[in-house]
Amino acid sequence: MNLARFPRVRLGHLPTPLEPMERLSKHLGGPNLWIKRDDCTGLASGGNKTRKLEFLMADALEQGADTVITQGATQSNHARQTAAATAKLGLACHILLENRTGSDDPSYVHNGNVLLDQLHGASIAKRPAGADMQAEMEKLAEALRGQGRKPYVIPGGGSNPVGALGYVNASLELLNQSVDMGLRVDHLVHATGSAGTQAGLVTGLKALNSQIPVLGIGVRAPKDKQEENVFVLAERTSTHLGLDGVVRREDVVANCDYVGEGYGIPTDSMVEAVKLLAQQEGILLDPVYSGKGFAGLLDLIGKGHFDKNDNVVFLHTGGSVALFGYPDIYGLPGYQA
Ligand SMILES: Cc1ncc(COP(=O)(O)O)c(C=O)c1O
């Protein structure tokens, strides 16, 4: 596997740290919990999209683009990191935000990621819940072409075979770190949404014959659909790498029991998980992705899913900026954490 043959621009502070969570592991009585700090990728407060954007932005530049279009839910971390990457590279950025949760809370609509999108100079347009966002982006791209611009369209979450290379690269990074540290990784757990993170990880870890099982904790789709989305993208990513067939269907495992009422809608277990990690390890999760992912991990630990001596790595995919879009979950007057 030779990732160096794919164009890449450096945007992230890599490698991200791989750290033990000693206090939390002790508090829970095992397993040995580790955290891979992709919340520290550096770009506009970091997150998993930075790795994908290293390959996507290089592709955009190679194609001569002067403008990037992407989309996401209102508090999209992907949109924020794309806005920052385009700013760094001197490209224009148009973001379409879908009101997927239906929230009209002013903090949700204007603060957190939305505030930062604007700060990085992106233009924002809103679309109602359920809009065909890919079609909306194509429409905008057509209009911009008519004005003589050269737009590059990035799918939601940066999840296509080019973006997923960022997480193939992360799998290589994780394995190198674990070898250097003498750490046997027994499980890798993370939040999964638009599928690119898990597809890239599974492809890379299989290609490198790591035998580390990956568990994606879903934040939106039901299990069958989520696993299918990840598998299809992993197959396309493998083909892009010249490694056809390296991922089998059974290598893709998602647990979607922690979504709650729906995408972006807080759950009690998420609220508790975010608080626990903040107070045990001084690490901030987010309400939409990593908070639900970590809530799933905690619940599975409680149910005895892991052996007490297992080394379990949680990939922290970032997103804490979105906490400011949800002030009510902790910020009510008189709230005592
Ligand atoms: C903080 C955070 N964690 C996890 C994910 C899920 O990653 P993916 O969309 O690659 O499945 C996202 C995606 O938007 C995210 O913003």
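Which residues of H11 are buried? In this predicted model, local features need pLDDT of at least 70 and side-chain atom pairs count only at pLDDT 80 or more, while totals for chains, interfaces and linings use all residues. Residues are numbered from 1 along each chain as its sequence is written, and side-chain values use heavy atoms, with hydrogens and water left out.

The buried residues of H11 are Ser290, Gly291, Lys292, Gly293, Phe294, Ala295, Gly296, Leu297, Leu298, Leu300 and Ile301. Buried means under 20% relative accessible area, exposed over 50%, and partly exposed in between (1.4 Å probe, protein chains only). Helix H11 is thus mostly covered, with 11 of its 13 residues buried. Helices (H or I, at least four residues) and strands (E, at least two) are DSSP runs, numbered from the N terminus. Gly304, with a positive phi near 80°, follows H11.

The largest pocket has a volume of about 880 Å³. Of its 44 lining residues, Gly156, Gly193, Ser194, Ala195 and Arg220 are the closest to its centre. Elements that give two or more residues to this lining include helix H2 (49-62), strand E3 (67-73) and helix H8 (196-207), and the largest share, 6 residues, comes from H9. By class, the lining has 12 nonpolar, 24 polar and 8 charged residues. Here Ala, Val, Leu, Ile, Met, Phe, Trp, Tyr, Cys and Pro count as nonpolar, Asp, Glu, Lys and Arg as charged, and the others, Gly among them, as polar. A pocket is an open set of points on a 1 Å grid over the protein atoms alone, with protein on both sides within 12 Å along at least five of seven lines; a cavity is a set where a 1.4 Å probe fits but cannot get out, and lining residues have an atom within 4 Å of a point.

Helix H9 also holds Arg236, which is partly exposed at a relative accessible area of 46%. Arg236 and Val162 are 74 residues apart in sequence and 9.6 Å apart in space, C-alpha to C-alpha.

The whole structure contains 1 cavity of 30 Å³ or more. The largest cavity holds about 40 Å³ of space, a volume being the space filled by probe spheres set on the points, which are joined across faces, edges and corners. Its lining consists of Lys36, Asp38, Ala170, Leu174, Leu188, Leu201 and Leu315.

Cys93 is buried at 5% relative accessible area, and Cys256 is buried at 14%.
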